[in-house]
Structure formats: structure tokens, C-alpha cells
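Thanks for coming. I will take a few minutes to walk through one structure, starting with the overall picture and then going to some residues.

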Amino acid sequence: MTAFVKPRPGGTTDAWRRYRVDVPVALVVTAAQVGLTYLAAGHHAEESSISAGGYALLVTGGLALIWRRRFVAAVLAVTLVTTLWYTTTANPGGPIWDALVVAFGTAIYYRKRGAAILSLVAGYAGSLWLPALLGPHKGPPATFALSLAVGLLVLLGGAEAIRFRHERAQAQRHIKEEEARRVASEERVRIARDLHDVVAHNISVIN
């Protein structure tokens with residue numbers, strides 16, 4: 001009789017389940033970044049169109065999400081670099097932060113808080129002043145800098161809330177599983193005790 005072997009975490013089955021979710025997520029985010037940024041650029045005819053390098057950066061950042069749960073910090077770094085690189089060029093603005101937001105949420109979820117907070121600070125400072133220092137854009141007004149800071153804090157709080165809710169649900173599920181195992185164990189002990197009493201009684205009768 002062949003025993004059932006539970007697949008190891010990180011094994012073939014686990015990797016397939018992970019990529020079965022992450023590949024569609026990466027494709028959707030990539031399509032959203034490229035498509036919506038292209039549409040946004042089309043509404044501003046006075047701005048330059050997206051360059052080939054700009055498309056490459058948007059695609060690279062989006063497709064990096066395929067490995068977001070296996071290489072959490074590395075994917076976060078890639079999305080941060082590609083996003084900031086895009087902002088320092090003459091490419092038009094748009095929803096170019098989608099991949100970085102997903103990578104940031106993944107880092108919070110998997111308790112890579114140091115990398116997540118570092119990316120938050122670097123993204124904030126870089127998005128405000130790098131385009132003015134290295135690119136063709138002007139420095140942002142104070143109101144925009146303040147609103148962006150508030151928005152990033154809200155993003156951090158929302159990601160932490162989602163992680164906390166998930167961990168609490170996991171803890172409750174673990175408690176229920178432990179309780180079910182305890183009840184099953186007590187039931188097996190009761191059945192064994194009853195069986196022992198029946199066998200002992202029959203032996204006494206036979207004697």
C-alpha cells in the first residue's frame with residue numbers, strides 16, 4: 001500500500017500553485033500599466049509619447065511580479081527601480097505604480113517590513129525629486145508632496161491591516177483544527193476503552 005507523501009513547501013506542487021496565481025496577476029498588472037498609461041498619454045497630445053525604453057520598463061516591472069512570492073525583496077527592488085527610472089525619463093505619467101504597489105503589499109504580507117518601508121521612503125523621495133534632478137519634469141508643489149505622503153501612509157496601514165486580518169484568520173483556523181484533532185483523539189480513546197471493557201467482559205464470561 002503506497003503511503004501519501006505531503007509535498008514539501010517550495011516543491012513542484014507548491015511552485016505550480018504559486019505561479020498559477022502569480023502569472024495571471026503579473027500579466028494583468030503589466031497590461032494595466034502599459035495600456036492605461038498609453039491611454040493617459042493619448043489624452044495629453046502636448047506631451048511626448050511613451051518611448052520604447054519606457055515600454056520596456058513598464059513591462060519589466062510588471063512581469064517581475066511572477067516571482068513576487070519567491071523573491072519578495074528582489075522583486076520589490078526591481079519594481080522600485082523600473083518605476084523610478086521611468087519617472088526620470090521624458091515618458092508621460094500614468095498608472096505606472098501598479099507593479100510597485102503589488103510588490104509592496106506582498107512584502108508587507110510576508111513580513112519583509114524593512115524592505116517595504118525602505119521602498120516606501122525611496123519611492124516617495126525618488127518620485128518627488130528625481131524627475132526634477134535627472135529628468136525633464138519640474139519639482140512638485142508642497143501640496144502634492146503632502147498628499148502623496150498621506151497616501152503612502154494610508155497604503156502602509158491598509159497593507160498591514162490585510163496582513164493582520166489574514167494572520168488572525170489563520171490563527172483561528174489553526175485553533176479549530178487543533179480542537180477537532182483533540183475531539184477525535186478523545187473519541188478514539190473512548191472507543192478503545194469501550195472495546196477493552198467488552199473484550200474483558202467476554203473473557204470473564206468464557207472463564
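The protein chain has 207 residues, and 27% of them count as buried; buried means under 20% relative accessible area, exposed means over 50%, and partly exposed is in between, with a 1.4 Å probe and protein chains only. This is a predicted model, so local features need pLDDT of at least 70 and side-chain atom pairs count only at pLDDT 80 or more, while totals for chains, interfaces and linings use all residues. Residues are numbered from 1 along each chain as its sequence is written, and side-chain values use heavy atoms, with hydrogens and water left out.

The protein chain contains six helices and zero strands. Helices (H or I, at least four residues) and strands (E, at least two) are DSSP runs, numbered from the N terminus. The accessible surface of the chain is about 13500 Å², and 68% of that belongs to carbon and sulfur atoms; the areas come from the Shrake-Rupley method with a 1.4 Å probe, and for residues only the protein chains shown count as cover.

Now contacts, meaning heavy atoms within 4.5 Å. Of the contacts between residues at least 6 apart in sequence, 74% join residues at least 24 apart.

Next, the inside. A nonpolar core here is a set of buried Ala, Val, Leu, Ile, Met, Phe, Trp, Tyr and Cys residues joined through side-chain atoms within 4.5 Å. The largest one has 22 residues, and Leu65, Leu76, Phe104 and Ile108 touch the most other members. Two or more residues each come from α1, α3, α4 (98-109), α5 (113-134) and α6. Helix α4 gives the largest share, six residues. A second, separate core of five residues includes Leu57, Leu58, Tyr86 and Ile96.

Last, charged pairs. How many salt bridges does a search of the whole structure find? The count is three, where a salt bridge is a side-chain nitrogen of Lys or Arg within 4 Å of a carboxyl oxygen of Asp or Glu.

Asp22 pairs with Arg68, with the closest N and O atoms 3.1 Å apart. Asp22 sits in helix α1 (residues 12-42) and Arg68 in the loop between α2 (52-63) and α3 (72-87), 46 residues apart, so this pair links distant parts of the chain. Asp22 also forms a salt bridge with Arg69, at 3.1 Å from N to O. Arg69 lies in the loop between α2 and α3, so its pairing with Asp22 in α1 ties together parts that are 47 residues apart in sequence. Asp22, Arg68 and Arg69 are therefore linked in a network of salt bridges.

Are these three residues buried or exposed? Asp22 is buried at 0% relative accessibility, and Arg68 is buried at 14%, whereas Arg69 is partly exposed at 25%.

The remaining pair is Glu178 with Arg181, at 2.4 Å from N to O. They are three residues apart in helix α6 (residues 142-206), so about one helical turn separates them. Glu178 is partly exposed at 37%, and Arg181 is partly exposed at 45%.
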